[in-house]
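Thank you all for coming; today I would like to walk slowly through a few residues with you, and I will take them one at a time. Please have the picture ready as I speak.

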Amino acid sequence: MRKLAYGVCVTAIALSLSSCAGQGSRSVSDSGGAAAERALPATAESAPKKRTAAPDREKAPGEQVKLVAQDRAIIYTAELTVRAKDVVVAADTARRIVSAAGGYLSTEKSDTGFGDRASTSLTFKVPPSAYPGVLQRLGGELGRRESLQQNTEDVTEQVADVESRLRSSRAALDSLRALMKKAKTIGEVLDVEREVSAREADLESLQARQKTLASQTSMATLTLNLIGPEVTVEEPEEDSPGFLGGLRSGWRSLVSAVGIGLVVLGAILPWLAVLVALWVAVSLLRRLFRRGS
């Protein structure tokens with residue numbers, strides 16, 4: 001039993017050392033630019049290699065997002081709002097553009113409006129290599145572009161970290177399974193099986209994270225909001241710093257507080273009326289009893 005416990009402790013120490021070694025090797029590979037430690041196995045090998053971070057700013061109508069050939073794991077997301085004369089026709093055109101580029105429609109949400117008041121939201125998955133061209137076509141061929149927000153996230157280090165932890169977890173499982181074969185009592189077998197179950201759960205979690213990263217980096221997410229000519233788009237107000245910005249914030253807070261107070265007053269006013277009526281009735285009854293006595 002002591003030998004088995006000693007073996008489990010040695011395995012745990014080996015797991016910690018291999019994890020630290022994986023992190024150290026990842027830091028060295030990051031500084032040297034080694035691509036082999038950054039690429040996702042199997043599921044991520046099919047991901048396009050030409051990726052780089054696109055600037056987080058609104059592009060001019062004719063400007064494209066340029067992707068520099070770098071071996072990085074990048075998540076591209078964008079939200080585009082276009083005002084179209086016919087929302088239904090524009091949505092069909094957007095589907096054809098994305099389909100021709102190798103993408104597909106992920107989700108679609110439409111409102112109950114019709115004609116000039118119609119609007120719809122389409123979420124597309126687009127290959128990163130075709131992302132700049134699709135974004136330019138959707139913003140220029142469907143109608144007048146109202147707004148564009150782009151975001152990029154570099155997850156290269158996360159991908160490398162998941163890979164390193166996967167290797168360490170697999171090595172620990174192999175060691176524990178080899179140790180299980182040497183167990184001689186039921187207690188020893190149960191101890192090792194509990195450790196194996198815990199390591200397998202960690203391995204499954206890491207594999208799920210790896211698949212998620214591979215899915216996010218292999219396809220860019222593009223949300224297209226199509227609105228009719230008479231749909232009003234509310235833009236968030238940006239408070240300027242200083243006295244005027246503080247004054248506007250204070251005024252909005254005051255208006256909001258007054259509105260909440262009126263709602264509360266309207267809710268309790270009927271109860272107050274009932275309480276006042278009861279109080280008046282009780283007072284009259286007391287006076288009548290006093291006169292009678």
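Let me begin with Y104, whose place is in strand 2, the strand that covers residues 104-110. Please keep in mind throughout that what you are looking at is a predicted model. If we leave aside residues up to four places away in sequence, Y104 touches V98, T123, F124, K125 and M219.

T123 lies in strand 3, which is made of residues 119-126. Along the sequence, Y104 and T123 are 19 residues apart, while in space their C-alpha atoms are 8.8 Å apart.

Is T123 buried or exposed? With a relative accessible area of 15%, T123 is buried, because the cut-off for that word is under 20%. When residues up to four places away in sequence are again not counted, T123 touches Y104, L105, S106 and T107, and also T221, L222 and T223.

Finally, I would like to turn to another part of the chain, namely R287, which is found in helix 6, running over residues 243-292. R287 has a relative accessible area of 54%, and so it is exposed, as that value is over 50%. Together with R286, R290 and R291, R287 forms a positive surface patch.

Notes: Residues numbered from 1 in each chain as written. Predicted model: local features only at pLDDT ≥ 70, side-chain atom pairs only at ≥ 80, totals over all residues. Heavy atoms only, no water. Patch = residues over 30% accessible without salt bridge, like charges linked within 9 Å, V, L, I, M, F, W, Y side chains within 5 Å. Areas by Shrake-Rupley, 256 points an atom, 1.4 Å probe, with all protein chains shown as cover. Salt bridge = Lys/Arg side-chain N within 4 Å of Asp/Glu carboxyl O. Lys, Arg positive; Asp, Glu negative; His and termini not counted. Charge placed at Lys NZ, Arg CZ, Asp CG, Glu CD. Helix = DSSP H or I, 4+ residues; strand = E, 2+ residues; numbered from the N terminus. Buried < 20%, exposed > 50% of the residue type's maximum accessible area, 1.4 Å probe, protein only. Contact = heavy atoms within 4.5 Å.
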